[in-house]
Amino acid sequence: MKAMVLHGTEKIESMPLKYEEYPTPIPGAGEVLVKVISCGVCHSNLHMIEGDWVKYGTPAKLPIIPGHEIIGEIKELGEGVVNLKPGQNVGISPLWNTCGACEYCLSGNEQVCDSAQITGETVDGGYAEYILAKANYVYKIPDGINLQSDAPLFCPGVTAYRASKLAELGPESVAFIIGIGGVGHVAIQTSKLFGAHVVAISTNDEHAQLAKEVGADDVILTNRNYDNLEKYHESASSVIVFSPSQKAIDASLKLVKKMGTVVMGVFGDLHDFRFINEIKVRGSLIGPRRDMNEVLSLASKGKLKIKTTKFQMTEANEVLKMMKDGKIIGRAVLLP
Ligand SMILES: [Zn+2]
Ligand SMILES: [Zn+2]
């Protein structure tokens, strides 16, 4: 098969992904071979490719094929797979497999399993013609899902949904969403579904425009230092941060009300944390399979829309560079 392969971490400007021949995988017991129809381009792909996450052990192997938000068609079943059939369309999320036996797996929080394998980070991902998946970690695609453009449901979709869930939103909530990229523009919609008044904060004019399109009640355009937001301090009952910026995280702690909740979907430090306001800060990582199925159900009813632009898979380097420069509005999707 053909794939976009990473042999060593490098800045995206040097075009580190090589389009080349790669062995087509063979499904083992409990696995399926999936022909990729579409694969979203995630900011975390860029972090891995550029070596930002070597300190966290990512990528766990080289060479590796990136990509972890995938829709495809089952081509072959491995031994013992009974719940799936060739020809079915399925989705694959970043959560490629987990141990199934630890306290987190047993309590339906498999996304934090210590033995989780991550698509495109510890095993080969979806920037390819074919991908292997675990039968227990693929999702049947319901009607109403677009096979080419809805692949990002499997990362931004579930990530945004879980963050909104953890933000404890209700009809009286005021939710601030910081960072209106691939995940943030979905988080606006998922937060609205929980009944919140949603305020989007972005440093980018076009992203702010997208926030309005997808239903934000208010949109605030700020600068890269997030230092013109004084009048909104202590006005959010919940803040959800998807902007990979320490300044955005610092701002979130000022925007949240007393007793409020900050949900972080990015790495960062908590400076100047004022315990006296009794705020709650928590991380949010992708989501368990139950959340993923809820997202598919919402999307199949037309309640979640992903704004996507389609590219050829061979353009992955260029697309990642455009994303780095803030030039992708919503999400880019690669087609093999
Ligand atoms: Zn992703
Ligand atoms: Zn586990």
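Trainee: What arrangement do the four donor atoms make around the zinc ion (ligand 1)?
Mentor: Tetrahedral, because the four donor atoms subtend angles of 93 to 129°. Keep in mind that this is a predicted model.

Trainee: And what would ideal angles be for four tetrahedral donors?
Mentor: The ideal is 109.5 degrees.

Trainee: Okay. Which residues are the protein donors of that zinc ion (ligand 1)?
Mentor: Cys42 and Cys155 each give an SG atom. His68 gives NE2, and Glu69 gives OE. These donors lie 2.0 to 2.6 Å from the zinc ion (ligand 1).

Trainee: How are the donors spaced along the chain?
Mentor: The spacing for ligand 1 is C-x25-H-E-x85-C.

Trainee: Where do cysteine 42 and glutamate 69 lie?
Mentor: Both are in loops. Cysteine 42 is between strand 3 (31–41) and helix 1 (43–49). Glutamate 69 is between helix 1 and strand 4 (70–77). The pair therefore ties together parts that are 27 residues apart in sequence.

Trainee: Are those two buried or exposed?
Mentor: Cysteine 42 and glutamate 69 are both buried.

Trainee: Now the zinc ion (ligand 2). Which residues are its protein donors?
Mentor: Cys99, Cys102, Cys105 and Cys113, each through SG. They lie 2.3 to 2.4 Å from the zinc ion (ligand 2).

Trainee: What is the geometry of that site?
Mentor: Tetrahedral, with angles of 105 to 117° among the four donor atoms. In sequence, the donor residues are spaced C-x2-C-x2-C-x7-C.

Trainee: Which parts do cysteine 99 and cysteine 113 tie together?
Mentor: Cysteine 99 lies in the loop between strand 6 (95–97) and helix 2 (103–106). Cysteine 113 lies in the loop between helix 2 and strand 7 (117–118). So the pair ties together parts that are 14 residues apart in sequence.

Trainee: How does cysteine 99 count for accessibility?
Mentor: Cysteine 99 counts as partly exposed, because its relative accessibility is 37%. Cysteine 113 has 6%, so cysteine 113 counts as buried.

Trainee: Switching to helices. How do helix 3 and helix 7 cross?
Mentor: Their axes come within 9 Å and cross at roughly 105°. That makes helix 3 roughly perpendicular to helix 7. Helix 3 covers residues 156–166, and helix 7 covers residues 289–300.

Trainee: Which residues meet there?
Mentor: From helix 3, Gly157, Val158, Tyr161, Arg162 and Lys165. From helix 7, Asp291, Met292, Glu294, Val295 and Leu298. The contact residues divide into five nonpolar, one polar and four charged.

Trainee: Last topic, backbone angles. What is phi for glutamate 168?
Mentor: Positive, about 55°, although glutamate 168 is not a glycine. Its place is in the loop between helix 3 and strand 10 (174–178).

Trainee: And where is glutamate 234 found?
Mentor: In the loop between strand 12 (218–221) and strand 13 (236–241). Phi of glutamate 234 is positive, near 55°. Glutamate 234 counts as partly exposed, because its relative accessibility is 37%.

Notes
Residues numbered from 1 in each chain as written. Chains lettered and ligands numbered in written order. Predicted model: local features only at pLDDT ≥ 70, side-chain atom pairs only at ≥ 80, totals over all residues. Heavy atoms only, no water. Axes fitted to C-alpha atoms, helices over the stretch in contact; angles between N-to-C directions. Helix = DSSP H or I, 4+ residues; strand = E, 2+ residues; numbered from the N terminus. Parallel < 35°, antiparallel > 145°, perpendicular 65-115°, else oblique. Contact = heavy atoms within 4.5 Å. Nonpolar A, V, L, I, M, F, W, Y, C, P; charged D, E, K, R; others polar. Donors = N, O, S within 2.8 Å, 3.2 Å for Na, K, Ca; no water. Tetrahedral: all angles 85-135°; square planar, octahedral: opposite > 155°, others 65-115°. Buried < 20%, exposed > 50% of the residue type's maximum accessible area, 1.4 Å probe, protein only.
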